[in-house]
Amino acid sequence: MSRHPVDDLSGPQQLTLVLLRTLIGWHFLYEGYFKWLQPAWSRAGTPLPHWTSAGYLKAASGPLAGLWHGLAGSSWLPTVDMAVAIGLTLVGLSLLLGLATDAGCVGALALLAVFYLSSIPTHGVHEPGSEGAYLLVNKNLVEAAAVAVLLVFRTGRLAGLDRLWQRPASPALKEATA
Amino acid sequence: MNLTPEQQDLGRRTFLKVLSGTPALAALGASALLKGPVRGGPVRIGFIGVGAQGRVLLGANDPAYGTVKALCDVNPGQLQKADAVLAQNNQPPARHYTDWKQMLEKEDLEGVVMAVPLWMHAPIAIGCLEAGKHVLCEKMMAWDTEQCEKMRQAAAKTGRVLEIGYQRYYNPMYQAAYDGIIRTGALGEVYHARLVWHRNGNWRRQGEPPSPDYDPSPWGYPSFDHLLNWRLYWRYSKGLLAELGSHHVNVSNWFFGATPEAVSAAGGVYRFKDGREVYDHVYATFEYPGGRTAVFSSIESNAFDDYYEMFLGTKGTLILKRETEAYLFEEGGEHKATAVEVAAKAAGPALQASESRAVDAAPKAASAAQTVVERRSASRNELSRFCSAVRVGQATACGPDRALSSARACLLANEAIEKKARLTV
């Protein structure tokens with residue numbers, strides 16, 4: 001395997017990249033897990049409202065709005081709900097474990113792109129259910145940028161199960177790249 | 001105890017004013033720690049006994065918390081009425097049973113809500129607990145203390161929830177009064193509580209058997225009257241002290257933070273000598289540690305006083321009436337008022353009495369003007385909390401220990417009447 005510039009990163013640089021990947025992985029995994037968990041109760045003893053993507057799809061704006069509005073009222077809705085839960089869970093596991101990390105990053109970027117394009121903040125005011133005011137840049141976009149960093153730095157090489165599939169570089173190759 | 005409209009207004013405002021300055025827990029469960037969610041849908045419930053009280057609980061079920069899968073009653077007529085309650089609340093119909101054991105065998109239930117005659121509380125509750133079901137059993141806990149103990153042991157052994165249905169614990173008004181007035185010491189030292197449940201009627205229910213050939217004897221009732229009016233016979237019932245008094249004694253136990261040490265009582269069948277066995281007039285004095293005394297009276301010959309709990313302290317008087325009205329009077333205030341003084345100060349007994357009758361004649365209008373809480377909310381909270389206990393292990397308010405304490409005192413009061421003696425607990 002060829003030597004990659006990421007192998008020359010300092011310890012703290014590697015650590016923070018893996019930390020970033022772990023946090024984003026957990027974020028995706030828990031979002032997926034929570035949707036799988038339904039129906040569920042809070043520990044305070046209250047039944048939680050059943051999750052479905054219907055509300056999100058109905059409120060969608062931007063270039064995909066027409067498609068999402070149609071899906072929200074269609075018989076495909078349960079399939080969409082399941083696909084979102086599966087996608088989030090798989091991406092989360094990938095990033096958390098460092099397993100097929102590149103594919104996980106691409107999946108995360110795809111999901112985040114869909115989420116962003118379905119709800120681009122163009123008004124710059126507090127939206128219901130949002131904890132901040134956003135104009136063009138929201139947390140989906142920031143997280144997508146962070147995933148892009150994980151992808152280009154090939155963080156699966158730093159830590160994670162992907163390393164099991166890495167073959168040590170041959171002495172000849174090492175010499176050539178030294 | 002009847003208050004003039006001005007006194008009611010003052011008392012209610014003082015009650016709410018005192019509460020507003022305290023972190024009273026108006027919403028039950030607000031202090032629960034937040035942790036990760038628990039998987040599961042509404043709790044699968046079966047109802048055993050869907051007479052009048054069973055149907056109150058059935059109607060209070062929040063479908064987000066519990067799904068009623070099955071109904072059981074030895075009287076088919078009650079099952080039909082229960083169906084109507086479910087339909088009225090837009091809940092799907094439930095399967096019918098006359099035998100609770102068969103219901104447990106055939107249905108995949110998690111919890112059981114029981115509102116059956118008192119003598120059947122222990123056998124059915126213990127049977128359900130041993131079958132692995134959680135149980136919400138109507139009050140009083142059981143027919144005697146030995147049965148209460150067995151219920152407590154069954155709950156401990158099986159690790160299942162056993163909650164006894166004293167809905168005042170789930171009434172936000174009582175919770176707020178306890179947190180904001182009793183615990184803060186707003187009443188000063190409280191040496192006396194007056195517990196009153198006065199009615200003017202024979203307590204005898206009228207009804208037809210579900211069919212002319214209906215025979216309740218397989219369930220232990222020699223006639224339909226015994227099934228319908230089980231409250232009037234010692235074999236099934238413990239009379240006014242169990243059906244009404246135990247509610248009050250639970251409140252005085254709660255607010256005093258203690259249980260009675262001794263009981264003396266009087267009573268008898270004075271008015272309705274119609275073959276009933278349980279007393280139609282009961283007067284009991286419950287002695288608590290620290291020189292505190294609660295006096296309970298329940299009569300069936302005059303409804304002027306209605307029903308309430310009154311706590312009389314050195315700094316003030318708290319009145320919780322009809323489970324929906326709350327009044328607080330500061331001692332020495334301009335409108336100093338106790339029950340006796342209100343009656344004496346009124347422009348005329350006739351006027352006061354007619355106001356009372358007007359209230360009785362139009363309870364809805366009166367409640368709209370005077371209540372601080374909806375009566376129905378207590379049963380709804382109670383049932384929802386039971387479901388929360390089943391699903392996430394949330395603590396309930398009146399488990400076997402609390403319920404046994406009040407049952408023991410009320411049973412002892414019946415014994416004191418019988419023996420004409422002062423009995424120690």
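This is a predicted model: local features need pLDDT of at least 70, side-chain atom pairs count only at pLDDT 80 or more; totals for chains, interfaces and linings use all residues.

Which residues in α5(B) are buried? The buried ones are B:His121, B:Ala122, B:Ile124, B:Ala125, B:Ile126, B:Cys128 and B:Leu129. Then step just past the end of α5(B) to B:Gly132, where phi is positive, at about 85 degrees.

Next, pick B:Ile48. Beyond its neighbours within four places in sequence, its contacts include B:Ile124 and B:Cys128, along with B:Cys72, B:Trp100 and B:Met103. B:Ile48 is also among the residues with the most contacts inside the largest nonpolar core, a set of 97 residues; B:Phe15, B:Met151, B:Phe255, B:Phe286 and B:Leu318 are listed with it. Colour helix α14 (residues 400-419) of chain B as well: it supplies the largest share of this core, ten residues. Apart from that core there is another of 25 residues, with B:Leu58, B:Leu71, B:Val85 and B:Phe386 among them.

Now hop to chain A and show helices α1 (residues 11-37) and α6 (residues 139-152), whose axes come within 10 Å and cross at roughly 130 degrees. The two are therefore oblique to each other, and their crossing is left-handed. For the contact, pick out A:Leu17, A:Leu20, A:Arg21, A:Ile24, A:His27 and A:Phe28 on α1(A), then A:Glu143, A:Ala146, A:Val147, A:Val149 and A:Leu150 on α6(A). Coloured by class, this contact shows eight nonpolar, one polar and two charged residues.

Note on methods: Residues are numbered from 1 along each chain as its sequence is written. Chains are lettered from A and ligands numbered from 1 in the order in which they are written. Side-chain values use heavy atoms; hydrogens and water are left out. A nonpolar core is a set of buried Ala, Val, Leu, Ile, Met, Phe, Trp, Tyr and Cys residues joined through side-chain atoms within 4.5 Å. Buried means under 20% relative accessible area, exposed over 50%, partly exposed in between (1.4 Å probe, protein chains only). Helices (H or I, at least four residues) and strands (E, at least two) are DSSP runs, numbered from the N terminus. Contact means heavy atoms within 4.5 Å. Axes are lines fitted to C-alpha atoms, for helices over the stretch in contact, and angles run from 0 to 180 degrees between N-to-C directions. Angles under 35 degrees count as roughly parallel, over 145 as roughly antiparallel, 65 to 115 as roughly perpendicular and the rest as oblique. A crossing is left-handed if the near helix is turned anticlockwise from the far one by less than a right angle, and right-handed if clockwise. Ala, Val, Leu, Ile, Met, Phe, Trp, Tyr, Cys and Pro count as nonpolar, Asp, Glu, Lys and Arg as charged, and the others, Gly among them, as polar.
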